[in-house]
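Trainee: I would like a close look at one part of this model, the packing of its helices near the end of the chain and what can be said of the other elements. Please take me through it step by step.

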Amino acid sequence: MGHIPMKSTALPSLLIKPFKWLRKIRGFRLVYTPLLAIVLFTLVMGIILGTLHLQEKGQQESALYRELSFAKQRIQLRFANNQDTLNTINREIAASPDDSKLMLMARDQADDLVINNHEIVKVIWISDKNQRLWTVPPANAKTDWISKTQNDQAANAGLLSAIELSRITGRAAFSEFITLNLPNEEPLAKERKTIFWQVAPNIVGGEVIGFLAALYTTQGILDVIPGELKAHYRFTLLTDNDRVLSISSDRDTPKRAFSNQTSLDIGVLSPNLTLRIDTYPPPTNLTFRMLIGVVLGLCAFVIWSLWSVLKQMQVRQEAEANLRTETNFRNAMENSTPVGIRAHDMQKRITYVNRAFCEMTGWTAKELMGLTPPFPFWPDSRRDELVDKMNRALKSEVSSSMKKGIEGAILRKDGTLIQTRTFIAPLINEKGKQTGWVTSLIDISEPKKIREELAASQERFTTVLEGLDAAVSVVSLETDELLFANRFYRENFGNDSKGHFQLAHQENKIDTLHTIAQDLQDYVRDGIPTSFLYQESESEEIQLDDGSNKWYEVRRRFIPWVDGHLAQLLIATDITMRKEADDVARQQEERMQFTSRLTTMGEMASSLAHELNQPLSAISNYCMGVAKRLEGNLDPALTKEILPALEKASDQAHRAGTIIQRIRGFVKRSEPQRKSSAISEIISDAVGLVEIEAHRHRLSIASNIADNLPNVDLDPVLILQVLVNLLKNGLDSTREAYPLSSRWSAPPVKISADLDTSIFPAMLRIQVSDGGAGIAESVSQRMFEPFFSTKSDGMGMGLNICRSIIESHHGRLWATNTMDAEHTKLVGCTFTILLPLESPETKGAV
């Protein structure tokens, strides 16, 4: 291909030579004359058709007004004739009030009036006292349809109002329109739906001697209009508020139907009445429509002919315009593209370069034209390499493999080196013969630098992700494929997506993820912003159920993947150690709460002991004082009964004070006040204290104490308190197991004491057994904890204090359930106490 010269910038349109302006005007007239003819022809035909339509519309409106006037005259003339007839009948009645023959003639005239006028239903002669003297036609069950349909009250009220108006004015008067409530099955319900009265007074000598009343139906008024008119028009009677009184036909009129209306004057004292006329669709005018069709067809043919001429005339100008546009577009594209383009002939000589290539090399087009390889813009160190690449690329047999381009370099005129990628294609002329090559060069210096930086950044990012102590994974929402996983994820969950769904709690929700993916893709396709859908979800803590019992803090969100599809990113951090630390902290908090409550309990016990000591001492002193005062002053028989009781009361008060002091001292962590005591006496005291409550619940206590038991160094008050507590618990368990009606068969609560010689040294063994339901396994594990109780009103301190007392004596306290003979169910529980025969302090002293 030869040299393509650079196109100069086009001059502004204002500098075009005058003959070019003339040629443009001629071309404009030549092209747009048919179009102007089309517009003018269409406009003229539209005016003609519109004029015909307006003329026809005016004729229809004139005919409508003429027919409405005719119908109005017919109705008003009918009412005038009816008024004259009523006045004639009144004159005959006034001329012969006592002549029955003349009265009969008047009734016959009224009967003729009803028969000859369809709008009048009946005529009534009413005296000046408002008494109905006769009715035409005579009232019977068939003709008196007003009373028959229970509308006589409304009709009579309207009649009375018209009579009163006529009496006051001395002229004929009309009532208001009355709408009757007629059943649909009534034959004449439609025609008699709305009625009104006309009352003509009969005045003789200035006095009213009676009234002649005619009952009209509004539907009957329309019957005055000839049937020929009603066949072409619809007539409607309306009131002032456009309420429809009657209508000549139920046929619907077209939306664009003509209508007109006028007021009806049927009397001086008549209600306002309006007559409206509406047109029905006219019959099809086949001739007129055929004429319109022929005209429209001719118009379409003429328009099509003119349009064909216009298109034919535009073809040539469009071809010329396209050629100019194509040339301008090619020049603009070549000058605006950042891609450098150069052309070579078959001798590899440069025949064309565009502006971008000149800017890329720093050489002008004039300097580059005609150059052959090696080119001066090639680096000296790579000239042989670039020549070899060019020779191989220009060979036809390998040119098809150069679609990816050839990487090279260009040394700008200012010495700057840039990296390029070159694409080569053969240049074929119109005969299909190759005349050279066209090469395109792209500056890839910046993209290459960016790629290298991206590669380094990705390497750093991957290094960070691989070093995280958290599982990072990305799963496709469409294929459920694991797209990315870091080292922590691979080591703990493998190389598939099961661990991802397990962490997301979505093992069985894959269909849901597919649905979410489809919805998000729909949002993207519809152009709706999806930034709110890509927001990170709140973190949640989950525990895996795979047997490892590990805890993870999981965060997940939806992200667009590199291929444009949606994926789910999940980050799971192992928080097992943190959860374990939280559990330990919670347990420590609970222990601190228990310690605080125990401390509060100790303070309460100290305060309670301080408050109760004084009244208990007073009770003891009063009892002893009363006993001394009574000695020698009473009958000996009474003295034997009263004095022991007072002494026992004093002893018990003293004993209660002692117990409170011991408990107070124990809570303060002081050592028990031990002394050598007989266990049999302590057991007897305990049974004596609890036996009263046992008898109250119809239960019993049995004690079995071995003989010759040695005295034991212990605090008798505290041990007594332990035994009382265990006996009371045994009574409560037995009472719950046996209802009141069957407690006669309940086994007694047993307490026994002996030596346990199975261990060395031998220890004192005390056992309390009951026949209750035993202790559940969940209760047995916690029953010695402070503040744990199975009773609704219990404080949960009894067994805890008992065990603390026994352990302070260096002993042991535990409970075992008792099974029945078949070992099928629990039949009781046994609490066992082991106490050393000698305390460690005594052994040390010895």
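Mentor: In helix H21, which covers residues 798-808, the buried residues are Leu799, Asn800, Cys802, Ile805, Ile806 and Ser808; buried stands for under 20% relative accessible area, exposed for over 50% and partly exposed for what lies in between, with a 1.4 Å probe and protein chains only. The model is predicted, so that local features need pLDDT of at least 70 and side-chain atom pairs count only at pLDDT 80 or more, while totals for chains, interfaces and linings use all residues. Residues are numbered from 1 along each chain as its sequence is written, and side-chain values use heavy atoms, leaving out hydrogens and water. Helices (H or I, at least four residues) and strands (E, at least two) are DSSP runs numbered from the N terminus. Just after H21, His810 has a positive phi of about 65 degrees.

H21 packs with H19 at an angle of about 145 degrees, the two axes being 10 Å apart; axes are lines fitted to C-alpha atoms, for helices over the stretch in contact, and angles between N-to-C directions run from 0 to 180 degrees. The crossing of H19 and H21 is left-handed, a term for a near helix turned anticlockwise from the far one by less than a right angle, with right-handed for clockwise. On the H19 side the contact (heavy atoms within 4.5 Å) is made by Leu718, Ile719, Val722, Asn725, Leu726 and Asn729, and on the H21 side by Gly798, Leu799, Cys802, Ile805 and Ile806. By class, this contact of H19 with H21 has eight nonpolar, three polar and no charged residues, where Ala, Val, Leu, Ile, Met, Phe, Trp, Tyr, Cys and Pro are nonpolar, Asp, Glu, Lys and Arg are charged, and the others, Gly among them, are polar.

H19 (residues 716-737) also packs with H18 (residues 679-696), at an angle of about 40 degrees and with the axes 9 Å apart. That makes H18 oblique to H19, since angles under 35 degrees count as roughly parallel, over 145 as roughly antiparallel, 65 to 115 as roughly perpendicular and the rest as oblique. Their crossing is right-handed. Among the H18 residues that meet H19 are Ile679, Ile683, Val687, Val690 and Ala694, and among their counterparts in H19 are Pro716, Leu720, Leu723, Leu727 and Leu731. By class, the contact of H18 with H19 has 15 nonpolar, no polar and four charged residues.

Turning to the sheets, five strands form an open one in the order S12-S11-S15-S14-S13, with antiparallel pairing, two strands being paired if DSSP finds at least two bridges between them. Its edge strands are S12 (350-353) and S13 (406-411), each of which pairs on one side only, and neighbouring strands are turned by 35 degrees against each other on average, direction ignored. Helix H10 (residues 383-394) packs on this sheet, where it touches S11 (340-345), S13, S14 and S15, and its direction makes about 135 degrees with that of S13. Helix H12 (residues 445-467) lies across S13, S14 and S15, running at about 120 degrees to S14. Nine bridges pair S14 (residues 417-428) with S15 (residues 434-443) in the antiparallel sense.

Lastly, Ser497 sits in the loop between helices H13 (487-493) and H14 (498-503), and it counts as buried because its relative accessibility is 12%.
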